[in-house]
Amino acid sequence: MAMFILRRVGVMILTALCLTFIVFFLTNLYPNLEKLAKTQGDFRMSDEEVASYLGRNGYLQPMAVKYGQWLGVVPGFVIEDRDGVTRGQCIEAGTAPEDAPRFCGILQGDWGYSTVFREDVGKILNDKLALTGKLMFWVMVLMVPSALILGILAGMREGSRTDRTLSTIAITTTATPEYVSGVLFIAVFASTAVGLKWFKGTATAAMDGANFENFFLPVLTIALYGMGYIARMTRASMAEVMTAQYIRTARLKGVSFPNVVMKHALRNALIAPFTVIMLQFPWLLNGVVIVETLFNYKGFGWTLVQAAGNNDIELLLGVSVISVVVVLVTQLISDIGYVYLNPRISVR
Amino acid sequence: MDALSWSDIILRMLEQFTPVWIALIVTFVLSFSFKRHLGLYGKLFDSPIGMVGYAMVMFWVFTGVFGGGFDMIVTHDVLAQSAPMKNKGPGTAFTQLMGTPDPNAYPYYLLGGDNLGRDVFSRMVVGAWEVIKIAPFASLFAFMVGITLGLPAGYYGGKLDTFLSFLANLILAFPVILLFYLLVTPEIVLTGIPVYMAAVLFLFPIVFLVLLWNSRYHTQPSRRNVYVGITLVIGLWLYLGIAWDADPLGLVSFPPNLLVVFVAVVFVNSPTVFRIVRGLTMDIKTRDYVAAAQTRGERPWYIMLWEILPNARGPLLVDFCLRIGYTTILLGTLGFFGLGLSPESPDWGSTINDGRKLLTMYLHPALPPAFALLSLVLGLNLLADGLREESLRD
Amino acid sequence: MAKLDYDGPILEIENLSISFFTRLREIPAVMDFSVTVQPGEAVGLVGESGCGKSTVALGVMRDLGVNGRIVGGTVRFKGRDLGDMSAAELRDIRGNEIAMIYQEPMASLNPAMRIGKQLIEVPMIHEGISEAEALARALEVVRDVKLPDPERIMRSYPHQLSGGQQQRIVIAMALMSKPSLLILDEPTTALDVTVEAAVVELVKDLGKKYGTSMLFISHNLGLVLETCDRICVMYSGEAVETGSIRDVFDKMQHPYTQALFRSIPLPGADKNTRPLKAIPGNFPLPHERPDGCNFGPRCDYFRAGLCDKFDIPMVGIKGDDRHFTRCLRIDEIDWHAPMEAMAQHEATVPGKVVLKMENLKKYYEVAANALFGGSSGKKVVKANETLSFEARESETLAIVGESGCGKSTFAKVLMGLETATEGQILLDNRNIEQVPIEKRDTQTVADVQMVFQNPFDTLNPSMTVGRQIIRALEVFGIGDTDQARRDEMLRLLDLVKLPREFAERMPRQLSGGQKQRVGIARAFAGGARIVVADEPVSALDVSVQAAVTDLLMEIQRKQKTTLLFISHDLSIVRYLSDRVMVMYLGHVVELGTTEQVFAPPYHPYTEALLSAVPIADTRITKKHIVLEGDVPSAMNPPPGCPFQTRCRWKAQVPGGLCEREVPPVRELVPGHQVKCHLSQEMFDRMEPVITVAAE
């Protein structure tokens, strides 16, 4: 088992390195840097001025070196200006170059500086992740149990009226992306035009104090899209299990229907959806971005849009690292959990 | 002129859709009368869910083609703005401040005007065309890529499989929106990366077809040469035009911003198709007819493309429908974040994004495209469900 | 619930009719079916696939699914009508009074629940006893089904047991509440022959011990003969003949029963002098049944105007014990007339040697743990050990063995799908053991072809029959034009006796036997000289088996083909092969002519195999040899002789030689070789396993 986890972690680290390098590469392409120089300096900079600005800030080193510096495995650059000032990646304003550490990448906990928020990327991410964590927690609380119940009820008696109704509901929710359902919810429950006004159309207030009124719509919007998918998976898995020979065995042993479902079918039927729930994370992240934008909830997804939209390279890198790591960790958990749930896979 | 009542609006909309109704009725009557001769497609008409889904999908396909392609259903130019019509509700009579009003112009904004005074109804209709133009083809390309790589990965297994699966997982681990934000920006277009990606991705259909013909007809070289030759000439011509914008005849070209969107969508979809094809291949390759082909000395590509692939067509067809739906959602997402397409574009995602900003006061600009997108994707999902049920039935 | 004391018949089924309802039509699965099971009696239900025998069982259990319904007749269990019972009453009876055992043991056990838990559930539901009490009972029953180390077994998950052990657990589960009636639906079909023999014996013993009545459903007449007191033969949804074993086997009174017995290879049948007689035509589909007698169109005694007029009732045979038949012409048919002579054939003389194997070895390296491999190193699986034999032109060489014996690996190496580890394969004195199939020239590939086991898998489901044969012709370079290949394809269809219209059909429109014929046509497309037939008929119904084997024999005679016939069914091997090679765990343990192998002296494994195969002939007496345990895994073979773990002669070899050394190959008489340590005198003392009583 330890060997298995070790191998998975190894693959995961390799994947993370590849992915962060791709992001690093794409964000550090010259047109992006040029735009950065112009937003930081002056929009009417000539090409030479742009080049010298970038040179001074260490952006013109080879890609691999820059990546190493950013990671923190290559010493930070130190450049002596023509006017004698020594600039370096790791030299903060006001400290002497000699006192600065040699390495300052994300491995040392230095995530860089956001040009949009004028703050440390590490700190921004910390705050934003807490906000999004709150959102995701409630999404999970709402989504997972309701999806599983929906799927099990539908799959328990395949082809019945309950099954058809619940399946149609599930299909409809998977066909409704967040930017559609969110808009519909706001229109129905929050707009003055309809006049229900049960909930708030923005969740900005929920960042400080979340309550049912300002937080339910965003949570519901994210949960709904994923819910249909998990419910359909659970239904398919449940329906398949219910036709299995061992369910017939149990039935013909005289086990009552509720017990057949609870004791015999459930564990086998939940193996597949478990993996799906975990693999939902990349999708949920999409939902988070859309919903946070739609409801103006300034969390992690909103930060991603701000960073990407304003060419804030270091913040975007930080956001990417976090999302990639979140996705990979959930995949790892799903792999390990699958082994635990499924006794057929023996780990020696 | 007074604003129309709701019943008038609905009647007039139904009237505008006349060509679509005719096309739908013709399609259904024809399909129904020949359903026993049409294989799986015919069996679709045994499943109520499948029929409903198919009707919804075909409604938008016909709407897109007639409205966007032939300019039939639309009532006003989708880009024309009219200041007095700003945010006016459904059924408002059309007026114009500047210029001479066209006497032939449709007298109403059936579903009202948006925040720039454009006709919401027409934009919704043409929005269907934006989807129909891209989604099916992007899905098709993703399938070509996924099949061409998934078949050998599943068939050979081993190192090749490990490598390709690693790549697929790499892309799948990317949150889609992040990928879009990195790929679909003007700066990236400047670097030419999308063109290189297109150059790689668009090679796959040609490779796929050449392998298909070659494996089938390598025993009859003369026939093989004809098929492969035709494929290569047409394929490479289109390839040069679409990917490199270098058609020697100057006939084929592809707008660069559309290319980025297209490439991004294909790129995001291919790994999932790859995984499905790989799984199906690993399952089907254990069948005896594959062993029979091996024992008569068939080459691997013949076995993959002619023995395995046709027998995977059921699940693949179902996934194809779902994938078009997913691609539609992705295109909407792109539009929603204002990525790739021009800001004026009538596609549903952009319109929803424009409309949502005033949502607390005006519902009419955002809701029509939202319902349109919802019904198309729902139709595709129902269609897939019907197909799945019917293909499992025998 | 307390069990009723009741001394009438345990189960009475009267005029039972069951239908399945689809969107298009009602499909009658069982019609007018009656059978009675007395206390302590075992009744066999025999028929081909699709005849409705499993539906009867599910009808008794009232578990027909959403689409199935009982449309007529009654099922009475201990005098109470099961049809009138509420769901709760039914639950009380299921598992408690009536228990059921199915074909696939792995599928009938819950994969995510420990064995012990699955077992104790039964008495806990029905008798409300405590968990500890139930556990004690379970341990006792697990001991009863002769499983080693019951405590460990109770803690295991199903996948940790072998197929034979799983089936024993299923039996144990059925016996937990000491039911009055046990329904067994093909309980041993998925098991190896020697394991099957042990399970059958267990069921028989336990039935006696617990006093359980049994309804035994099988397609295998031999198995029914060994286990049951009475038999009921079904055809196309109807019972056609029912009576005691003796009456039905020896004095059959229905043409179908007679035809069935004439189509199975019993001792004495021979491909040249006494060939089998296949039942003509095909099994009717449920919605295509003829008027009157269902068997009419395939019956030799059919008389138009009589047999196709109206539904035929069951009539009793005077003088016999509850012997009924569904035939109008019982008094007109001379049941003792000998089978009309089939075309006899000259025995073919084997020609020159075309294929020669010398010390062929095939080892595989597999990761010790397939899923998480890498760390724990590789293991070598010795799939084939020093295989040596010759095969001649127009000869049939049978390769016999149970699962894991290496026969499929051997076929793969011969076909070139794998290359040999050591040794050589000579085809016409050319070495081909290291030439993978893609490097072989077209002629070699066309020369060595294969017929596969599973008819439902052997044809590509999305290509027409004609297209598949034409493709083989294209690959083998036969015919210059499309037209030439098309003509050749039609000729091949003629060869395998299929109508030419079949060229345009899709495989799903064909029956199993027809598909197998197409598979044979495809194998012979390039004029194959060596054909490996991997269990070509084992998945077919008995009545079709004879027709397909005959076809193979006929083509062999015409084309002087060398046939390598892989099978586990010794009856059919005896019928058609010239020489037999017995394999066990990758080793050839015995090789000789058919007469030599089927008569003593035997290799101990061959002896056990012969004893295990059920034979549907009341004149046969068999020596009773039951092998302990399962076939060891090829990943973990025992040291020394591969068979030593289950061998009953092991004690006769001094000094534990069997556990230390692999026995050498010994030639007992010219052409008969055995891999065994036993001394010559021991071999001489062996008695024949099968003896036929004089008539």
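This is a predicted model: local features need pLDDT of at least 70, side-chain atom pairs count only at pLDDT 80 or more; totals for chains, interfaces and linings use all residues.
Close-up 1. The buried set is C:Pro255, C:Tyr256, C:Thr257, C:Gln258, C:Ala259, C:Leu260, C:Phe261 and C:Ser263.

**Close-up 2. The open sheet of chain C.** Follow the strands across and you get S6-S7-S8-S3-S9-S10-S12-S11, 8 strands with mixed pairing. S6 (98–101) and S11 (315–316) sit at the edges with a single partner strand each, so one side of each has no neighbour in the sheet. Zoom in on the S11 end: S11(C) runs antiparallel to S12 (residues 324–325), and 2 bridges join them. One bridge partner to look for is C:Thr325 in S12(C), which goes with C:Val315.

**Close-up 3. Two helices lying across the sheet strands of chain C.** Helix H1 (residues 53–61) lies across S3 (42–46), S6, S7 (181–185), S8 (213–218) and S9 (230–235), at about 145° to S6(C). Helix H7 of chain C (residues 163–175) lies across S6 and S7, and runs at about 175° to S6(C).

**Close-up 4. An edge-to-face ring pair in chain A.** Counting over all chains, there are 47 aromatic pairs. Here's one of them: the ring centres of A:Phe189 and A:Phe199 are 5.7 Å apart with the planes at 80°, so the pair is edge-to-face. A:Phe189 belongs to helix H7 of chain A (residues 178–190), while A:Phe199 is in the loop between H7 and helix H8 (212–242), so the pair ties together parts 10 residues apart in sequence. Both A:Phe189 and A:Phe199 are buried. They also belong to a cluster linked by ring pairs, together with A:Phe185, A:Trp198, A:Phe212 and A:Phe216.

**Close-up 5. An edge-to-face ring pair in chain B.** B:Tyr41 and B:Phe45 have ring centres 5.4 Å apart and planes at 75°, so this pair is edge-to-face. B:Tyr41 is partly exposed, at 29% relative accessible area, whereas B:Phe45 is buried, at 2%.

**Close-up 6. Arginines over aromatic rings.** In chain A, the charged end of A:Arg157 sits over the ring of A:Phe257, 4.1 Å from the ring centre. Over in chain B, look for B:Arg216, with its charged end over the ring of B:Trp306 and 5.7 Å from the centre.

Definitions and conventions. Residues are numbered from 1 along each chain as its sequence is written. Chains are lettered from A and ligands numbered from 1 in the order in which they are written. Side-chain values use heavy atoms; hydrogens and water are left out. Two strands pair if DSSP finds at least two bridges between them. Helices (H or I, at least four residues) and strands (E, at least two) are DSSP runs, numbered from the N terminus. Contact means heavy atoms within 4.5 Å. Axes are lines fitted to C-alpha atoms, for helices over the stretch in contact, and angles run from 0 to 180 degrees between N-to-C directions. Buried means under 20% relative accessible area, exposed over 50%, partly exposed in between (1.4 Å probe, protein chains only). Rings of Phe, Tyr and Trp (its six-membered ring) pair if their centres lie within 6.5 Å; planes under 30 degrees apart count as stacked, over 60 as edge-to-face and the rest as tilted. A charge sits over a ring if NZ of Lys or CZ of Arg is within 6 Å of the ring centre and within 35 degrees of the ring normal.
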